[in-house]
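Please examine the sequence and the structure shown below.

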Amino acid sequence: LAEFNLTPTQIIDMLGLAGDTADNIPGVPGVGPKTAMKLLEAHGSVQGIYDHLDELKGKKALHKKLSDNREQAFLSRRLVAIDQHVKIPFQIEEFKAVPPDKNALSSLFQTLEFRQLQKEFTREPEPMEKTYVCLTDLKKIKQQLNHLKKADIFAIDTETTSKHPMRAELVGISFSHEPHKAYYIPVGHVAFGNEKFEQPDRQAVLDLIKPILEDAAISKVGQNIKYDYIVLSRCGISMQGMVFDTMIASHLLNPSHRGHSLDQIALDFLDHKMISYKEATAREDRKINNFSEVDLEKAVPYACEDADITLMACEKFKPMLESEGLTRLFETVEMPLIPVLMKMEMAGIRVDPDRLAK
């Protein structure tokens, strides 16, 4: 009524006269929705219009269109009407909206590789307590590093100012040596305005962690660890003992998949939706240019989660690689290739720009 000044039943009459191209219903040729609405306002229905057809003799063209297509007008009205008397073997309650089955949808969207929908419908997480700690005191940092020395394996991740490792400046380091526990050491965050936070001396932290990272007997795991390798190498640390890269393991296990990011690995194998970079860098008061400008309140859970999920993914992938017969390929070809590629990337490739332009 508000939009067309017609009742619901008259909508059927209007479509019967004007037709509906979407449903291939012809209507009366030359009679559009506006003309049909005016006729219905005056006569109420298709039947009413034809009962008073003689009143339209003054409008010869319209009278002729309606007169010549009388049968088609009534047929069109019948075709456009919804049959309200079909017996439906369901109760109306069965059509009520209910909460989605997130577990079923998550599996379906993972199989179909509908990435955005998979993120939207993640499995219901099990209640889990996480311990993510920010370390700014050198004494406490030493204590935690002693735990790393004794760990069978630990995950490491760097936060930086750029996606490009040869341009990136180190902002912080996170590590995890047991599931659901991780630590973040900030070394390059920038304070704005009245912001205040503690941050240890960058070089002092690097000096403390260097012996552990360069000890080949202490196993490390990373997600695209070549990136961290290059960043740390530019900080004077030649990392050794890199035994596992979750990104490479994911690729070996699922070579046809398009996505092997940590976010995707967490969704596919751990049923966990991670904190996105966009969420971590979101601020209402100003634009964030890189991770160094993220305040510690947001940086700590984001960075710690990276290390935590990497460690858990490693434990998930190890038996999968073994069962698929891929462990030997992973350990003897893929992992030893990382430092080779790292050195190639750092050295670069000599290019003759003039010849390349030609």
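Leaving aside its neighbours within four places in sequence, which residues is H272 in contact with? They are K130, D263, A266, L267, E305 and I309, where contact means heavy atoms within 4.5 Å.

The model is a predicted one, in which local features need pLDDT of at least 70, side-chain atom pairs count only at pLDDT 80 or more, and totals for chains, interfaces and linings use all residues. Residues are numbered from 1 along each chain as its sequence is written, and side-chain values use heavy atoms, with hydrogens and water left out.

**Histidines**

H272 is found in the loop between α12 (262-270) and α13; helices (H or I, at least four residues) and strands (E, at least two) are DSSP runs, numbered from the N terminus. With a relative accessible area of 18%, H272 is buried. Here buried means under 20% relative accessible area, exposed over 50%, and partly exposed in between (1.4 Å probe, protein chains only). The side chain of H272 also makes a polar contact of 2.7 Å with the side chain of E305. A polar contact is a pair of N or O atoms within 3.5 Å; within protein, one must be able to donate a hydrogen and the other to accept it, and residues adjacent in sequence count only if both atoms are side-chain atoms.

H251, by contrast, is partly exposed, at 40% relative accessibility. Its place is in helix α11 (residues 246-253). Between H251 and S261 there are 10.0 Å in space, C-alpha to C-alpha, and the two are 10 residues apart in sequence.

**Aromatic pairs**

The structure holds 10 aromatic pairs. Rings of Phe, Tyr and Trp (its six-membered ring) pair if their centres lie within 6.5 Å; planes under 30 degrees apart count as stacked, over 60 as edge-to-face and the rest as tilted. Two of the pairs are set out here.

| Pair | Centre to centre | Angle between planes | Class |
|---|---|---|---|
| F109 and F121 | 5.9 Å | 40° | tilted |
| Y277 and Y302 | 6.2 Å | 65° | edge-to-face |

F109 lies in helix α6 (residues 102-112) and F121 in the loop between α7 (115-120) and β1 (131-134), so their pair ties together parts that are 12 residues apart in sequence. Both F109 and F121 are buried. Ring pairs link these two residues and F114 into a cluster.

The pair of Y277, in helix α13 (residues 277-280), and Y302, in helix α14 (residues 296-323), links distant parts of the chain, 25 residues apart. Y277 is partly exposed, at 40% relative accessible area, whereas Y302 counts as buried at 10%.
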